[in-house]
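Ready for some practice with rings and pockets? Open the structure and work through the exercises below one step at a time.

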Amino acid sequence: MTDFRRDDQFEDLWSHAKERGEPFSIAAVAGLPDVARRYLTHAIAPGTPGASAVRIQMHGEIKLGKWRPFVAEEVICWDRGFIWRARTKLAGLPVTGSDRWIDGEGSMQWKLLGLIPVMVGAGPDISRSALGRVQIESVLLPSVLLAPDVAWHSQDTTHVDAGLSFRGEPARITLASDEVGRLQTVSIQRWGNPDQGSHRPVPFGGFVEKEATFGGYTIPSQLRLGWYFGTDRFDDEGEFFRVTIDHASFR
């Protein structure tokens with residue numbers, strides 16, 4: 001496990017998870033569009049207890065001027081929010097910190113050598129952008145997409161929209177999968193200002209390059225993500241996050 005400084009809120013978020021829910025059965029998705037049904041029956045093995053939280057260890061590269069390696073750990077608790085804490089380097093010096101959205105408020109705080117602030121943010125725009133992140137990351141906790149209030153609408157034989165609500169905040173996520181339900185892309189209109197202009201909804205998403213199964217859940221295990229997804233700007237200026245998931249535990 002990645003060695004991070006103690007974060008009581010991180011551990012509290014993980015311990016807050018509810019008891020596991022009812023085991024998954026194919027009957028639970030019988031009335032859904034074909035694309036949604038294929039995806040969910042591929043993502044959740046029959047008999048897998050429902051989960052409301054996931055804890056993930058990961059590594060990858062993040063684009064901060066140039067591509068820089070990172071290691072990270074994340075908790076998503078669908079009742080409350082998420083915390084993503086990571087470690088990378090700038091000019092050869094360690095930078096540690098976190099992005100989070102907890103109980104309606106988002107923030108980010110990153111420090112050089114654990115002491116000097118290099119990136120700090122909070123307020124309505126940060127909160128709204130962080131909310132979009134946890135909404136798109138529902139694919140890392142696919143049991144939440146079984147909720148009765150998730151509205152599924154097929155676009156075609158490979159694309160489906162999932163309309164869901166996270167703590168009362170609505171979102172529409174677009175998923176693309178192949179003929180057996182393997183996730184290929186995921187996207188959302190996420191609040192942000194990647195060009196440093198005004199905050200606004202901007203296409204965000206990416207490609208699922210590999211998947212892995214943990215505890216009965218098959219989730220993306222290698223992704224490329226960024227702004228302007230689905231446009232020519234993604235490759236040149238939008239992509240900023242490449243991640244490999246090493247392990248996931250569900251509660």
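**Exercise 1.** In this predicted model, find which residues form one aromatic cluster.

*Solution.* Look for the rings of Phe70, Trp84, Trp110, Phe204, Trp227, Phe240 and Phe241, which form one aromatic cluster. Next, zoom in on Phe240 and Phe241: their rings are 6.4 Å apart, centre to centre, with 50° between the planes. Stacked planes are under 30 degrees apart and edge-to-face planes over 60, so a pair in between is called tilted. The Phe240 and Phe241 pair is therefore tilted.

**Exercise 2.** Decide whether phenylalanine 240 and phenylalanine 241 are buried or partly exposed.

*Solution.* Buried means under 20% relative accessible area. Phenylalanine 241 has 9% relative accessibility, so it counts as buried. Phenylalanine 240 has 22% and is partly exposed.

**Exercise 3.** Work out which parts of the chain the pair of tyrosine 217 and phenylalanine 250 ties together.

*Solution.* Start with the rings: they form a tilted pair, 4.4 Å centre to centre, with 35° between the planes. Then locate each residue: tyrosine 217 lies in strand β12 and phenylalanine 250 in strand β13, so the pair ties together parts that are 33 residues apart in sequence. Finally, check accessibility: tyrosine 217 is buried at 1%, and phenylalanine 250 is buried at 11%.

**Exercise 4.** Find which residues are closest to the centre of the largest pocket.

*Solution.* The largest pocket has a volume of about 1,200 Å³. Of its 48 lining residues, the closest to the centre are Ile62, Asp99, Arg190, Trp227 and Phe240. Now follow Arg190 to a ring: it lies over the face of Phe204, 4.7 Å from the ring centre.

Conventions:
Residues numbered from 1 in each chain as written. Predicted model: local features only at pLDDT ≥ 70, side-chain atom pairs only at ≥ 80, totals over all residues. Heavy atoms only, no water. 1 Å grid on protein atoms, 1.4 Å probe; cavity = no way out; pocket = protein on both sides within 12 Å on 5 of 7 lines; lining within 4 Å. Points joined across faces, edges and corners; volume = space filled by probe spheres on them. Phe/Tyr/Trp six-rings, centres within 6.5 Å; stacked < 30°, edge-to-face > 60°. Helix = DSSP H or I, 4+ residues; strand = E, 2+ residues; numbered from the N terminus. Buried < 20%, exposed > 50% of the residue type's maximum accessible area, 1.4 Å probe, protein only. Lys NZ or Arg CZ within 6 Å of the ring centre and 35° of its normal.
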